[in-house]
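Here's a quick briefing to read alongside the model. Have the sequence and the 3D view open as you go.

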Amino acid sequence: MVIAAAGNGKNDLLGKVITKQLENVIDERVIYNSELNKTIVKIVENMSIDEGGEIICPIICEGDVIGAVIIISKVKGKMNEIEIKLGSVAAGFLAKQMEN
């Protein structure tokens with residue numbers, strides 16, 4: 001379930017159940033970049049992002065995947081090392097907060 005969102009379209013995501021496709025990506029425990037994989041993962045059903053990109057960084061706490069930080073861009077070609085690092089740091093921070 002999506003428990004937090006920011007920016008345009010947050011009301012379309014909050015409180016909705018995530019897709020099985022997203023769950024599978026998170027369970028792989030690696031950072032997912034849609035521009036490298038050439039596929040945009042739907043976060044929730046009826047989501048309409050056909051172009052752009054996304055970074056999915058799993059939150060791993062004490063060896064368990066407890067969620068993900070997802071950065072979405074509606075502009076294609078905008079996902080680079082900065083967004084990957086930002087998502088990774090945010091996921092690491094949230095994991096540390098959940099340990100305490």
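How many residues lie between β2 and β3 in their hairpin? There are two, and E62 in that turn has a positive phi of about 50°. Bear in mind that this is a predicted model, where local features need pLDDT of at least 70, side-chain atom pairs count only at pLDDT 80 or more, and totals for chains, interfaces and linings use all residues. Residues are numbered from 1 along each chain as its sequence is written, and side-chain values use heavy atoms, with hydrogens and water left out.

**The hairpin**
- β2 covers residues 53-61 and β3 covers residues 64-73; strands here are DSSP runs of E, at least two residues long, and helices are runs of H or I, at least four, both numbered from the N terminus.
- The two strands pair in the antiparallel sense over nine bridges (pairing takes at least two DSSP bridges).
- G53 has S73 in β3 as its bridge partner.

**Around T19**
- T19 sits in the loop between α1 and α2 (20-27).
- T19 counts as buried, at 5% relative accessibility (buried is under 20% relative accessible area, exposed over 50%, partly exposed in between, with a 1.4 Å probe and protein chains only).
- Leaving aside residues up to four places away in sequence, T19 touches K42, I43, V44 and E45 (contact means heavy atoms within 4.5 Å).
- A polar atom of the T19 side chain lies 2.6 Å from the backbone oxygen of K42.

**Before α1**
- I3 belongs to the segment before α1 (10-13).
- I3 is exposed, with a relative accessible area of 76%.

Note on methods
A polar contact is a pair of N or O atoms within 3.5 Å; within protein, one must be able to donate a hydrogen and the other to accept it, and residues adjacent in sequence count only if both atoms are side-chain atoms.
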